[in-house]
Every structure is written in C-alpha cells, then in structure tokens.
Amino acid sequence: MKLKLPKKISRPRVQSDEVIVLDLSTPISRAVHLRRKGDRMTLVNYCSQKAPPPEEGGSHRSFAEHFKNLRQTLGAKTRETVVVIGMEDSTLRNVEAPLMN
C-alpha cells in the first residue's frame, strides 16, 4: 500500500552541493566547509574557535552566536550543517519542527 503525501510536503528536496561540519566534542570547536565535486567532497575552508563555557541556566543563545561566528569565519553561504558532539554527552530524540517553505 502506497501512502500519498500532500503536495505541500512531497516536493523533492534539492540536494545541496555544500555542507558545514561542526565538531563540538572538545573545548575548541572545529569547523569545516565542504563542497561536492562530482562524487567527491573537497575542503573549501576550515577554522577552530574556543567554545563558549557551559552555563547553568541554558546556553542556547551563546551556542547560536558561536555557530554564526564559525559560519562567518568559514565564509560559507549554505545553512546545511552537521553537528558532531561527544558520544558520552549525546542524547537522541525526535524534534518536531514546522514545515519550512
């Protein structure tokens, strides 16, 4: 039995040719900007910056600013991002987000 999705969410997604990878597993965050060339990925740019210290009341704003700074340093235009965290600190959960047009 095939399930047909409504037209709003059944659009094929255009595959991005660029991606940013952020490694947050150490106190120094590392970031790389990769670009697809054929069947390979090439390194466009990389950088490292000191990560913001953990805050007791939640540090989502400081990390958001940190992510923006890393992206600007890389000079990347894409928002496609992979975030790598240490396995000892990871939690897997589903996130419900509104559909983006």
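The legends below describe close-up views of a predicted model. Local features are given only at pLDDT of at least 70 and side-chain atom pairs only at pLDDT 80 or more, whereas totals for chains, interfaces and linings use all residues. Residues are numbered from 1 along each chain as its sequence is written, and side-chain values use heavy atoms, with hydrogens and water left out.

**View 1. The protein chain and its elements.** The protein chain holds one helix and four strands, in the order β-β-β-α-β from the N terminus. Helices (H or I, at least four residues) and strands (E, at least two) are DSSP runs numbered from the N terminus. Of the 101 residues, 20% count as buried; buried means under 20% relative accessible area, exposed over 50%, and partly exposed in between (1.4 Å probe, protein chains only). The accessible surface of the chain is about 9000 Å², with 54% of it belonging to carbon and sulfur atoms. Accessible areas come from the Shrake-Rupley method with a 1.4 Å probe, and for residues only the protein chains shown count as cover.

**View 2. The open sheet of four strands.** The strand order is S3-S2-S1-S4, and the pairing is mixed. Two strands pair if DSSP finds at least two bridges between them. Strand S3 (40–50) and strand S4 (81–84) each have a single partner strand, so one side of each is left without a neighbour in the sheet. From one strand to the next, the twist averages 20°. Axes are lines fitted to C-alpha atoms, for helices over the stretch in contact, and angles run from 0 to 180 degrees between N-to-C directions.

**View 3. The pairing of S2 with S3.** Strand S2 (residues 28–37) runs antiparallel to S3 and is joined to S3 by 10 bridges. Leu 34 stands opposite Leu 43 in S3.

**View 4. Helix H1 across the sheet strands.** Helix H1 (residues 60–74) lies across strand S1 (18–23), S2 and S3, and runs at about 130° to S3. Contact means heavy atoms within 4.5 Å. Among contacts in the protein chain between residues at least 6 apart in sequence, 45% join residues at least 24 apart.

View 5. The structure holds one aromatic pair. Phe 63 and Phe 67 form this tilted pair, at 6.2 Å centre to centre and 55° between the planes. Rings of Phe, Tyr and Trp (its six-membered ring) pair if their centres lie within 6.5 Å; planes under 30 degrees apart count as stacked, over 60 as edge-to-face and the rest as tilted. Both residues lie in helix H1, four residues apart, about one turn of the helix. Phe 63 counts as partly exposed because its relative accessibility is 25%, and Phe 67 is partly exposed at 29% relative accessible area.
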